[in-house]
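Dear colleague,

I am passing on the structure below, together with notes on what was found in it. Please read the notes with the coordinates open beside them.

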Amino acid sequence: MDQETILSVENFNLFFNLRGERLHAIRNVSLSINRGECLAIVGESGSGKSVFCRSLLGLNDKNSYIGSGTITYGQRDLAKITAEEEWQKIRGKEIAIVMQDPMTSLNPLIPVGKQVAEAVSIHQGLKGKPAKQRAIQALVDVGIDNAAKRYSQYPHEFSGGMRQRVVISIAIACQPRILICDEPTTALDVTIQAQILNLVKDLQKKHGLTTIYVTHDLGVVATVADRVAVMYAGEFVEIGTAEEIFFESRHPYTWALLSSMPQLGTKGEDLFTIPGAPPNLFMPIAGDAFAPRNPFALKIDFVEAPPFFQVSDTHFVKSWLLDEMAPDIQPPEAAMRKRGLR
């Protein structure tokens, strides 16, 4: 894999103003994304995964604002873009996103082909027949049979899986360099889910895409990811290759996520659940945000936030358990049941 960095986020902080209060949604995040790789961002609902990815496209609500940090893409700092016309040069053309609900992503009153052609017209300047031809080719690329005929059909005439393919075709029609997939298989059954994941992998190879998956499903991660970033309470707590996260994870939150996977459960035993609830991001967080839910928490976890400890060239963990003075604690048994995941 080419290890050239295509996008880099440094010390990024994002806030929302809600009902006169300030919510610290993304907390001092740093992450580099390599050209051509598939990065998965995982964590519970509400951990900040989608908000972080929408920040890469300037798509967060108007009550959000960047407190500090940079998002470097090429020679530009995306964190400094405020004008919508500047974002239009990035969205779709350079970085595209596939939303998780295709029914709300598509306009029910416009034929699907015209919706694909509209994206081509906006971002590539094609009009009329050339735009239509490019749109039909994009539908072919995502596996829609008889694309020329289906160009004129409406979203309700497509199944859920086919609608998701249309949404993906809109995203890839303008040949972006980075494709963000925000829970792209959430509303689909298992068979269709596998088809969509294979489709995105094929498109990644065909177009040389860099892909970012947003998901809470570690089964999806095991299928697609080269590298994984585990997110909790608006910050990354563990970053590593997929093999390192599944086979050598070192953060208690990652252990908890692995333990709660149905694929790792034992017949006749209750499935593991993470106790407690995520912290209130309206309030300052003292120490490690996961400490109140962490059965392995040390006293220092409630007082001081841990730094990132480097386990290998590709593996970084934000936990005091990696400190040389910490006790030797082994992962729970459920988190060790990894055989057959990849």
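**The core around Phe52**

Leaving out residues up to four places away in sequence, Phe52 touches Val9, Ile26, Val29, Leu31, Ile41, Met231 and Phe236, where contact means heavy atoms within 4.5 Å. Phe52 and Leu7 are the residues with the most contacts inside the largest nonpolar core, which has 105 residues. A nonpolar core is here a set of buried Ala, Val, Leu, Ile, Met, Phe, Trp, Tyr and Cys residues joined through side-chain atoms within 4.5 Å, and buried means under 20% relative accessible area, exposed over 50% and partly exposed in between, with a 1.4 Å probe and protein chains only.

Please keep in mind that this is a predicted model, in which local features need pLDDT of at least 70 and side-chain atom pairs count only at pLDDT 80 or more, while totals for chains, interfaces and linings use all residues. Residues are numbered from 1 along each chain as its sequence is written, and side-chain values use heavy atoms, with hydrogens and water left out.

**The sheet and the helices on it**

Eight strands form an open sheet of mixed pairing, in the order E6-E7-E8-E3-E9-E10-E12-E11. Strand E6 (95–98) and strand E11 (309–310) stand at its edges with a single partner strand each, so one side of each is left without a neighbour in the sheet. Helices (H or I, at least four residues) and strands (E, at least two) are DSSP runs numbered from the N terminus, and two strands pair if DSSP finds at least two bridges between them.

Strand E3 (residues 38–42) pairs with strand E8 (residues 210–215) in the parallel sense over five bridges, and Ile41 stands opposite Val214 in E8. Helix H7 (residues 160–172) packs on the sheet, where it touches E6 and strand E7 (178–182), and its direction makes about 175° with that of E6. Helix H11 (residues 252–259) lies across E3, strand E9 (227–232) and strand E10 (235–241), and runs at about 100° to E9. For these angles, axes are lines fitted to C-alpha atoms, for helices over the stretch in contact, and the angles run from 0 to 180 degrees between N-to-C directions.

**The cysteines**

Cys53 lies in helix H1 (residues 49–55) and is buried, with a relative accessible area of 1%.

The structure holds zero disulfides, a disulfide being a pair of cysteine sulfur atoms within 2.5 Å. For Cys38, the closest cysteine sulfur is that of Cys181 at 7.7 Å, too far for a bond, and Cys38 counts as buried at 1% relative accessibility. The sulfur of Cys174 also has that of Cys181 as its closest, at 15 Å and again too far for a bond, while Cys174 counts as buried at 4%.

**Helices H4 and H5**

The 13 residues of helix H4 (residues 112–124) should span 18 Å at 1.5 Å a residue, which agrees with the 18 Å between its end C-alpha atoms; the expected span is 1.5 Å times one less than the number of residues. The buried residues of H4 pack against helix H5 (128–141), helix H6 (147–150) and H7, and just after H4, Gly125 takes a positive phi of about 75°. In H5, the buried residues are Ala131, Ala135, Ile136, Ala138, Leu139 and Asp141, and their cover includes H4, H6, H7 and helix H8 (190–207).
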